[in-house]
Structure formats: C-alpha cells, structure tokens
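Open the model in your viewer and keep the sequence panel beside it. We will go stop by stop, selecting as we go.

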Amino acid sequence: MGRRRRRVIKIVKKALPKVYSCPQCGTIAVKVSVKKENLAKIACGSCGLSYEHQLNIKKPPIDIYNEFVDKFLSGRLESK
Ligand SMILES: [Zn+2]
C-alpha cells in the first residue's frame, strides 16, 4: 500500500524590493521608476542623487539599478 503525498505547491510571488541601496550614501532609499517605455528615473530619497536612464529595451528595475550603480562606481555618472 503506497502512501500518496499530495504536495500543495503554493506559488508565492515574491515582491521585488522597490527600494535599493544608494551607492553614494549607503541608505536604502533609491527608487527606480520607469517614466516612459524608454526612460527610467533613479533617485535617492536620502542624498538626492538622481539619474535618468535611457532604455533601448524594456528592462526590469533591478537591471536599471545595477547599471546605475556600475556607472556611479566607474565615475561616469554626472551629478547634478
Ligand atoms: Zn543616496
């Protein structure tokens, strides 16, 4: 006699964090918002660092954020 185990697989959609840590001040206060299909805005609510990112293709906010951090760390980011 076999025992059947029924596994209920719950699909939990993990909400992606909407705020990221700031490469400048270290506070988790960076928000990525996609304004248009090809323009994203990244802004830190703590130190005021902001950046507009042109998108060639639609990307998830985390990718935009990663590019932003890369640019910031390599010094290619123009600060206001
Ligand atoms: Zn900041």
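**Overview**

Of the 80 residues in the protein chain, 15% are buried. Buried here means that 20 or more other C-beta atoms lie within 10 Å of the residue's own; exposed means 12 or fewer, partly exposed is in between, and C-beta atoms are placed from the backbone. The model is predicted: local features need pLDDT of at least 70, side-chain atom pairs count only at pLDDT 80 or more, and totals for chains, interfaces and linings use all residues. Numbering runs from 1 along each chain as its sequence is written.

Colour by secondary structure. The protein chain has 1 helix and 4 strands. Along the sequence the pattern reads β-β-β-β-α. These elements are DSSP runs, numbered from the N terminus: helices are H or I with at least four residues, strands are E with at least two.

**The sheet**

Select the strands together. The 4 strands make an open sheet, ordered S1-S2-S3-S4, with antiparallel pairing. Two strands count as paired if DSSP finds at least two bridges between them. S1 and S4 are the edge strands, each pairing on one side only. From one strand to the next, the twist averages 30°. That angle is taken between N-to-C directions, on a scale from 0 to 180 degrees, with axes as lines fitted to C-alpha atoms (for helices, over the stretch in contact).

Start with S1 (residues 19–21) and S2 (residues 28–36). They are antiparallel and share 3 bridges. Click Val19: its bridge partner in S2 is Lys31. Now follow the hairpin between S1 and S2, which has 6 residues between the strands. Stop in the turn at Gly26, whose phi is positive, about 80°.

Move on to S2 and S3. They run antiparallel and are joined by 6 bridges. This hairpin connects the strands through 2 residues. Lys36 has Leu39 as its bridge partner in S3.

Finish the sheet with S3 and S4, an antiparallel pair with 5 bridges. Ile42 stands opposite Tyr51 in S4.

Which loop holds Gly45? Look between strand S3 (39–44) and strand S4 (50–54). Gly45 counts as partly exposed because it has 14 C-beta neighbours inside 10 Å. Leaving aside neighbours within four places in sequence, Gly45 is in contact with Ala29 and Lys31. A contact requires C-beta atoms, placed from the backbone, within 7 Å of each other. Draw a distance from Gly45 to Ala29: the C-alpha atoms are separated by 5.1 Å, and the residues are 16 apart along the chain.

**The core**

Show side chains for the largest nonpolar core. It has 12 residues, including Tyr20, Val30, Ile42, Tyr51, Ile64 and Phe68. Such a core is a set of buried Ala, Val, Leu, Ile, Met, Phe, Trp, Tyr and Cys residues joined through C-beta atoms within 7 Å. S2, S3 and H1 each give two or more residues to this core.

Centre on Cys22, another member of the core. Not counting residues up to four places away in sequence, Cys22 touches Thr27, Ala29, Val30, Cys44, Ser46, Cys47 and Leu49.

**The helix**

Last stop: select helix H1 (residues 61–73) and pick out Glu67. Is Glu67 buried or partly exposed? It is partly exposed, because 16 other C-beta atoms lie within 10 Å.

Zoom out to the whole chain. Among contacts between residues at least 6 apart in sequence, 24% join residues at least 24 apart.

Methods: Contact = placed C-beta atoms within 7 Å.
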